[in-house]
Structures are given as C-alpha cells and as structure tokens.
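Open the model in your viewer and keep a selection tool ready. The stops below are meant to be taken in order.

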Amino acid sequence: MAALAELSQTTRRLLLASDRDDGSADLARILGHAGRVEAISIFDLPDYPASDFAGVVIDIDLTSVAAVQHVRRKLTGKAYHDLPRLFVLANALYHGLVQAWALGATDTIQRPLDPRNILHRIRFAFPETPEEERAADAEVLSSGVAAAHVIMIKIFQRLPAGIPLALEDVVRAETQILRALKRCSLKQWLLAVNKHHKRSYRHTLHVTGYAVAFAQQLAMREEDQRRLARAALVHNVGTAFVPLAILDKTTELTTDESDILARHTRLGYDALKKQGGFPGEVLDVVLHHHEMLDGTGYPDRLRGDEISDIVRIITLADTYASLLQPDATTEAMTPPQAFAIMDMMDGKLDRALLQAFRPIALG
Ligand SMILES: [Fe+2]
C-alpha cells in the first residue's frame with residue numbers, strides 16, 4: 001500500500017476516455033491513486049486537451065470499428081501529439097495490441113486490472129507531475145548550491161590556513177552550478193543561498209548567481225557561462241586575507257580599515273598568481289573587479305578599454321549584489337532601487353551591459 005499512498009499525494013492530472021457502459025469505473029478508481037482523474041466518454045474527447053494533463057488513458061473495445069476510428073481521428077490531431085497515451089487491452093490478444101500501437105499507444109495495460117502494475121506504468125510512462133518535477137529541481141538546486149559552498153569553504157577557511165585552492169576544484173563545481181541555474185530560477189538560487197550561508201559566502205554566491213543567470217539570459221555558449229561562473233566564484237578570494245574584525249564590523253569602517261579592505265583585490269591576485277594554474281582572465285577579474293570605466297576605481301585606476309569584458313560583467317554583478325545586501329550602515333534596497341542607482345553611476349559601468357542586465361536585476 002505504500003506505493004499507492006505515495007502516488008496519491010501527486011498532482012498528476014489524467015484523462016480517462018472510455019466506451020464502456022460503466023465508464024471504466026474500476027480503472028478510474030485505480031488511477032485515482034496516481035492523480036486526479038477526469039473520466040469521459042471517448043465521444044467527448046476534446047479537440048484540445050488541457051495542457052496540464054500528464055497523459056490520456058484509453059479504455060475502448062479495440063474490435064469496434066466506430067470506436068477505433070473515432071479515437072484515431074482525435075489522437076492524430078496536433079493537440080494530442082505530445083501527450084502520452086496508455087491503452088487498455090481486453091486481453092493479450094495480438095489484434096488488440098497491434099491496434100493500440102497503430103493508434104499511437106505509448107504503453108499498454110490489460111485486463112484483468114492489476115492496480116500495482118498500472119500505477120507503476122503510469123509513473124514511468126507519463127511525465128513527472130509538477131510536484132515530482134519540483135522535487136527533482138530542488139535536488140539539482142541543492143547540489144549546485146552545495147558545490148558552490150564547498151568552494152566558499154576552500155576560499156574562506158582553508159586558503160587563509162595555507163591550503164591552496166586548485167582551479168580543478170572550481171571547475172568541478174561549475175557544472176553543478178550551471179545545471180542548477182539552468183533548471184531553476186535565479187530567485188530560487190538566491191533563496192537557497194540566503195538560507196544557508198555566511199555573509200561573505202552569500203555575497204560571492206549571489207554574484208555567481210547573477211553572472212551565470214546573465215550569461216544564460218544572453219544565450220552565451222556553455223564555455224562562456226563556465227568562464228563567468230569561475231570568475232565570479234573566486235572574484236573576492238582576497239577578502240579571505242582581510243581580518244574578520246574588519247569584514248564583520250557592525251559600524252562604519254574607518255579610512256584605515258577601508259584601505260585594508262580595498263587591498264583584497266591585490267591580496268587575492270597575489271595568492272592565486274603565486275599558486276599558479278589560474279587563467280589570466282580569472283586573475284584579471286580578481287585584481288580589477290573594483291575598477292570603474294571612468295578611472296575612479298581601484299587598485300590600478302584603469303579606464304575604458306583597459307577594462308576587459310569579463311571584468312565588466314563581474315563588476316556589474318558585484319555592484320548589484322553589494323547594493324542589495326545591507327551592511328551595518330546601509331538599509332536593504334529593493335531591486336529597482338539598486339538598479340536605479342547603477343543607472344545613475346554615469347560613466348562607471350558599461351551602459352550596454354547594464355541595459356542587458358535589466359531583466360536579471362528586475363526579474
Ligand atoms: Fe571585491
């Protein structure tokens with residue numbers, strides 16, 4: 001009974017079309033354990049079935065020419081094209097089976113009805129219900145967040161203790177992060193990240209979410225999505241070397257403290273450079289993600305074309321994430337407020353990229 005109980009929790013919607021006098025009541029009762037059943041006469045089959053039907057179960061007399069012709073007319077319509085159909089055979093007669101497959105059956109069951117077998121077939125022959133789909137999404141999402149979390153631990157706990165961060169570690173996490181953001185929404189990613197992680201982790205994971213979602217929104221090649229994920233994951237690696245007293249300070253930083261914090265770009269660059277193995281563009285992002293196009297950023301006061309595209313994108317995501325994340329001295333902003341401020345940062349951020357970023361920022 002466990003399987004029946006489990007399946008009865010689903011929200012799967014099934015269409016049962018029958019030409020039997022009792023409307024296939026016995027079958028409807030069994031199918032009721034697999035979802036919500038709408039039982040109709042085959043002569044009431046709609047031209048356009050509701051889009052949320054997981055599949056149609058056809059229980060007709062396959063030796064009846066009228067019934068077979070009617071069902072054929074309906075099921076060959078475009079509206080039924082992608083809908084799985086399960087046919088009930090009166091017995092294992094070859095004729096019925098051939099007829100069912102000719103009518104486009106994707107699976108068959110036969111009388112006498114075996115509830116357990118039928119529910120098993122329904123589960124596998126018909127697509128997952130939204131509920132099951134959500135469970136699968138949640139798993140992909142949590143593996144993506146977990147993979148990113150491992151990198152955060154390596155950066156913020158192990159690296160300061162002298163345990164190097166290897167490029168391969170980051171590359172390994174990218175696949176799961178890309179999958180998570182492809183399958184789930186950016187909002188789901190952000191919610192999952194907010195639930196689990198410390199402030200410094202959260203910021204980097206937000207930036208990673210924004211950068212990858214942006215790349216996917218722009219339909220970038222997977223390799224470019226990876227490059228952005230990689231760069232975003234390590235962009236703030238240098239903050240691992242900044243004293244916690246400064247990172248976690250709950251009041252406004254003094255000028256000296258701000259200067260120390262600003263060194264994180266150089267500290268991160270030096271650490272990864274010394275270690276070797278990281279591509280030049282990743283080092284570029286680590287060192288330059290606080291540069292502004294008008295030359296007012298740090299540490300090198302780069303201007304315009306001196307700032308690469310990948311740095312510009314990470315800077316955009318980093319700025320947006322920082323504006324949204326309140327600290328001791330600022331209030332939390334709404335996405336429109338944060339975007340409006342970026343829009344007013346005239347000459348500092350890449351305008352074309354900022355406009356393309358609008359759907360990410362404003363959902
Ligand atoms: Fe930074």
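How many residues does helix α13 have, and how far does α13 reach from its first C-alpha to its last? Select residues 264-275 of this predicted model. Helix α13 has 12 residues and spans 16 Å between those end C-alpha atoms, close to the 16 Å expected at 1.5 Å a residue.

Stay on α13 and pick out His-264, Thr-265, Gly-268, Tyr-269, Ala-271 and Leu-272, which are buried. These residues lie on the same side of α13, because they cover an arc of only 165 degrees around the axis. Just after the helix, select Gly-276, where phi is positive, at about 80 degrees.

Next, go to the nonpolar cores. Select Ala-211, Ile-314 and Ala-317: these have the most contacts inside the largest core, which has 59 residues. Helix α15 (residues 309-324) gives the most to this core, with 9 residues. Within α15, centre on Ile-314. Leaving out residues up to four places away in sequence, Ile-314 touches Val-207, Ala-211, Ala-231, Ala-232, His-235, Val-285 and His-289.

Zoom out to see the whole chain. It is divided into domain 1 (2-127) and domain 2 (131-362), and the centres of the two, taken over C-alpha atoms, are 50 Å apart.

Some backbone details come next. Most residues other than glycine have a negative phi, and most peptide bonds are trans. Select Arg-111 and Pro-112, which are joined by a cis peptide bond with omega at about 0 degrees. Pro-112 is in the loop between β5 (107-110) and α5 (115-125). Another cis peptide bond joins Tyr-298 and Pro-299, with omega at about 5 degrees. Pro-299 is in the loop between α14 and α15, and Arg-301 also lies in the loop between α14 and α15. Arg-301 has a positive phi, near 50 degrees, and is exposed, with 12 other C-beta atoms within 10 Å. Then move to Ala-219, in the loop between α9 (199-217) and α10 (222-234). Ala-219 has a positive phi of about 55 degrees and counts as exposed, with 8 C-beta neighbours inside 10 Å.

Finally, colour the chain by pLDDT. The mean is 87, and 93% of the residues reach 70 or more. Confidence is highest in α14, at 97, and lowest in helix α1 (residues 2-8), at a mean of 43. Over residues 1-8 the pLDDT is below 50. Where pLDDT is low, the predicted coordinates should not be read in detail.

Terms used:
Residues are numbered from 1 along each chain as its sequence is written. This is a predicted model: local features need pLDDT of at least 70, side-chain atom pairs count only at pLDDT 80 or more; totals for chains, interfaces and linings use all residues. Domain bounds come from an automatic or database domain assignment. Helices (H or I, at least four residues) and strands (E, at least two) are DSSP runs, numbered from the N terminus. The expected span of a helix is 1.5 Å times one less than its number of residues. A residue is buried if 20 or more other C-beta atoms lie within 10 Å of its own, exposed if 12 or fewer, and partly exposed in between; C-beta atoms are placed from the backbone. The arc is that of the directions from the helix axis to the C-beta atoms. A nonpolar core is a set of buried Ala, Val, Leu, Ile, Met, Phe, Trp, Tyr and Cys residues joined through C-beta atoms within 7 Å. Two residues are in contact if their C-beta atoms, placed from the backbone, lie within 7 Å. pLDDT is the predictor's confidence in each residue, from 0 to 100.
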